[in-house]
Every structure is written in C-alpha cells, then in structure tokens.
Amino acid sequence: MTKKETVTIDDLMKVIRIMEDSSIQYWLDGGWGVDVLGGAQSRNHRDVDIDFDTAYTEKLLKLLKYHGYEIETDHAPVRMELYSEKLGYIDIHPFVLNDDGTAKQSDFEGGWYEFDADYFGSAVFENKNIPCISAKGQKAFHSGYEWREMDKQDMEIIEKLLQ
C-alpha cells in the first residue's frame, strides 16, 4: 500500500481541530506554518509540524493514536514523526514553555535550543486564527542546515513577511 505523502488543506484543518479540542498549547511550524503566515498554500506539504507544551506529550500521543496516528520515528525528547492513513504525516516537537513567554527544546546533543517570546504568534488562515511560529521564529528555524528547494521557497515567503 502506498503511503499518503501529501497533507492537504483539509487534512491540516482536521489536525488543527484535533489540537484545538485537546486544549494543549501549540503552534504550527514548518512549511504549513509558513503558508499559514503567508495566507495561502504555496506548495505541497508532506507533513504538519506542531510545536507544543512538552508537559502534555503523553496526552497528545494518546490523542493522536486515537485519531489513527502511529509513531514512525521516535527521537524523543527532540521530535517524533507519526503517520495516519487518513491524514498523512505529523511531526511533533515538544517545547518547555517558560512563564516569560520564552521556550526551549531539547537538541540532539543533550543541550537546548532557546526561543524568544516573539517566536510565538498566530495568523488568520482559512478564516481561522491559528497559533503559529512567527516569521522571525521561522527564519531562525530555517538556519543551521543546507536548504532544500522547499526551504528556499519558504524563505522567500518569510523574507517578504519580514519586510
């Protein structure tokens, strides 16, 4: 059986409803996060990237499994990738949220990535206010690695948003 390799707008909105119903604080990240900030889908997306409050990791995993997701890649506590036959891939990133609005995420070397409070915001997409990583945060998240074509396209959108 061929796996679902594209997450549509409809799939994205279903994932967002799952997150809203969970009451877990989250932000959209990655390619869909960039498109939400830009206000329109610019390309096909393989997955939905979700940054969320690490205190709710077990609750989120249980909820995602209820909705048909299974863990495919487990790099906890940094990230986990799950797959659903109906909704495709979701990549979840646990963040430790601080009282001052900043956050941190485990890195692969046992340290931390630290994030400013203004990395976290929201944007209106499909007539819905969706929590997402800000253009400033997206720009920072697109650093430290060699860009693929999709990253170059995302960065064009991010740079326009930052002007």
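A: K4 has a relative accessible area of 23% and is therefore partly exposed, a class that lies between buried (under 20% relative accessible area) and exposed (over 50%), with a 1.4 Å probe and protein chains only. This is a predicted model, in which local features need pLDDT of at least 70 and side-chain atom pairs count only at pLDDT 80 or more, while totals for chains, interfaces and linings use all residues. Residues are numbered from 1 along each chain as its sequence is written, and side-chain values use heavy atoms, with hydrogens and water left out.

The partner of K4 is D11: the two form a salt bridge whose closest N and O atoms are 2.8 Å apart. The term stands for a side-chain nitrogen of Lys or Arg within 4 Å of a carboxyl oxygen of Asp or Glu. D11 has a relative accessibility of 5% and so counts as buried.

Over the whole structure, the search finds 13 salt bridges. One of them joins K3 to E72, with 2.1 Å between the closest N and O atoms. K3 is in the segment before α1 (9-22) and E72 is in strand β3 (residues 70-75), so this pair ties together parts 69 residues apart in sequence. Helices (H or I, at least four residues) and strands (E, at least two) are DSSP runs, numbered from the N terminus. Both ends count as partly exposed, K3 at 33% relative accessibility and E72 at 38%. K3 has a further contact: its charged end sits over the ring of Y83, 4.5 Å from the centre. For such a contact, NZ of Lys or CZ of Arg must be within 6 Å of the ring centre and within 35 degrees of the ring normal.

D91 is buried, at 6%. Salt bridges with shared partners also join E5, R46 and E81 into one network.

The aromatic pairs number eight in the whole structure. In one of them, the ring centres of W27 and F120 are 4.6 Å apart and the planes are at 55 degrees, so the pair is tilted. Rings of Phe, Tyr and Trp (its six-membered ring) pair if their centres lie within 6.5 Å; planes under 30 degrees apart count as stacked, over 60 as edge-to-face and the rest as tilted. W27 is in strand β1 (residues 26-29) and F120 in strand β8 (residues 120-125), so the pair ties together parts 93 residues apart in sequence. Both W27 and F120 are buried. Y119 and F141 have ring centres 5.9 Å apart and planes at 75 degrees, so this pair is edge-to-face. W27, F95, F115, Y119, F120 and F141 form one aromatic cluster.

The helix face is that of α3 (residues 57-66), where T57, L60, L61 and L64 are buried. Down the axis of α3 these buried residues fall within an arc of 100 degrees, so they line one face; the arc is taken from the directions from the helix axis to the C-beta atoms. E58, K62 and Y66 are exposed on the other side of α3.
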